[in-house]
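The following paragraphs lead through selected features of one structure. Please keep the sequence and the coordinates at hand while reading.

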Amino acid sequence: MATTRSTPMNVEPRDSATRPVDYGWAIARISIGWIFLWAFLDKTFGWGFATPANRAWTSGGSPTTGFLKGTGENALGGFFSSLAGQPWVDWLFMLGLLGIGAALILGVGLRIAAITGSLMLVLMWAAELPLANNPFMDEHLIYAIVLVGLALAGAGTTLGLGKLPIVQHNPYLK
C-alpha cells in the first residue's frame with residue numbers, strides 16, 4: 001500500500017514567523033496599538049493633537065466628555081451622553097486605551113485586547129448611530145474586525161513578545 005506525502009520532498013518546512021503575512025499582521029498590530037496608546041497619551045497630557053492642554057486629564061479634564069456629549073442627538077445619545085464625565089467611565093476608558101495599546105504593541109495578551117478593544121470600539125460605533133457616511137460600517141467596526149484577526153492569527157509572535165515561554169504556557173497571555 002502506498003503512502004502519500006502532503007508536502008513536496010525537496011521543500012524545507014518554513015518557520016511561520018518568517019512568512020510575509022506574519023509581518024503584515026505584526027505591522028497592523030503595532031499600528032493599531034499605537035492608535036490606542038496615542039489616544040491615551042494625548043488625552044492624558046493634552047499634547048494638542050485631539051486634546052488641547054487645558055482639557056487634558058492631568059489638567060482636570062474628562063477624556064470622555066467631548067465625544068460622549070457630542071452624541072446627544074444620536075439614536076442612543078441619551079444613554080451615552082449620561083455617561084460623559086463620570087469618573088468611573090473616564091478611568092475605565094483610559095485604562096482600556098492604555099492596556100489595549102500596550103498589549104498590541106508588545107504582542108502579549110492579544111486575546112484579551114481583541115475582546116476588550118472590540119467591545120470599546122463597538123460601543124463607540126453605537127454612540128455615533130446613525131452614521132453620517134454609511135448605513136452601518138465605519139472605522140470602529142473595521143478596527144474591531146482587525147483586532148479579532150490579530151488574535152486569531154497569533155500576531156504577537158512576530159515583532160512581539162508572543163514567543164516568550166511565559167506567554168506560550170499561559171493561554172490568557174496569547
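The discussion begins with an acidic residue, Asp-90, which is located in helix α4, spanning residues 87-106. It should be kept in mind that the model is a predicted one. Which side chain of opposite charge is nearest to Asp-90, and how far away is it? That side chain is Lys-43, at 9.4 Å. Since a salt bridge requires a side-chain nitrogen of Lys or Arg within 4 Å of a carboxyl oxygen of Asp or Glu, Asp-90 has none, although it is buried. What the side chain of Asp-90 does make is a polar contact, at 2.9 Å, with the side chain of Ser-62. Ser-62 is also among the residues that Asp-90 touches once those up to four places away in sequence are set aside; the others are Trp-57, Pro-63, Thr-64 and Gly-85.

A salt bridge does occur elsewhere, and the count for the structure is 1. It joins the side chains of Arg-19 and Asp-22, with an N to O distance of 3.0 Å. Asp-22, by contrast, is buried because its relative accessible area is 9%, and the cut-off for buried is under 20%.

The aromatic residues form the next topic. A pair of aromatic rings is described by the distance of the centres and the angle of the planes. The structure contains 6 aromatic pairs. Trp-38 counts as partly exposed because its relative accessibility is 23%; Phe-49, at 65% relative accessibility, counts as exposed. A further pair is formed by Phe-79 and Phe-80: with centres 5.0 Å apart and planes at 70 degrees, these rings are therefore edge-to-face as well. Phe-80 is buried, its relative accessible area being 6%. Ring pairs also build a cluster, in which Trp-38 and Phe-49 are joined by Trp-34, Phe-45 and Trp-47.

Attention now turns to helix α6, which comprises 14 residues. From its first C-alpha to its last, α6 reaches 20 Å, close to the 20 Å expected at 1.5 Å a residue. Its buried residues are His-140, Leu-141, Ala-144, Leu-147, Gly-149, Leu-150 and Ala-151. Against which helices do the buried residues of α6 pack? They pack against α1 (20-45), α4 and α5; α4 is the helix in which Asp-90 lies.

In the loop between α5 (110-127) and α6 (139-152) lies Pro-130. The peptide bond leading from Leu-129 to Pro-130 is cis, and its omega is near -10 degrees. After α6 comes Gly-154, with a positive phi near 60 degrees. Leu-159, in the loop between α6 and α7 (165-169), likewise has a positive phi, near 55 degrees, in this case in a residue other than glycine.

Note on methods:
Residues are numbered from 1 along each chain as its sequence is written. This is a predicted model: local features need pLDDT of at least 70, side-chain atom pairs count only at pLDDT 80 or more; totals for chains, interfaces and linings use all residues. Side-chain values use heavy atoms; hydrogens and water are left out. Helices (H or I, at least four residues) and strands (E, at least two) are DSSP runs, numbered from the N terminus. Buried means under 20% relative accessible area, exposed over 50%, partly exposed in between (1.4 Å probe, protein chains only). Lys and Arg count as positive and Asp and Glu as negative; His and the chain ends are not counted. A polar contact is a pair of N or O atoms within 3.5 Å; within protein, one must be able to donate a hydrogen and the other to accept it, and residues adjacent in sequence count only if both atoms are side-chain atoms. Contact means heavy atoms within 4.5 Å. The expected span of a helix is 1.5 Å times one less than its number of residues. Rings of Phe, Tyr and Trp (its six-membered ring) pair if their centres lie within 6.5 Å; planes under 30 degrees apart count as stacked, over 60 as edge-to-face and the rest as tilted.
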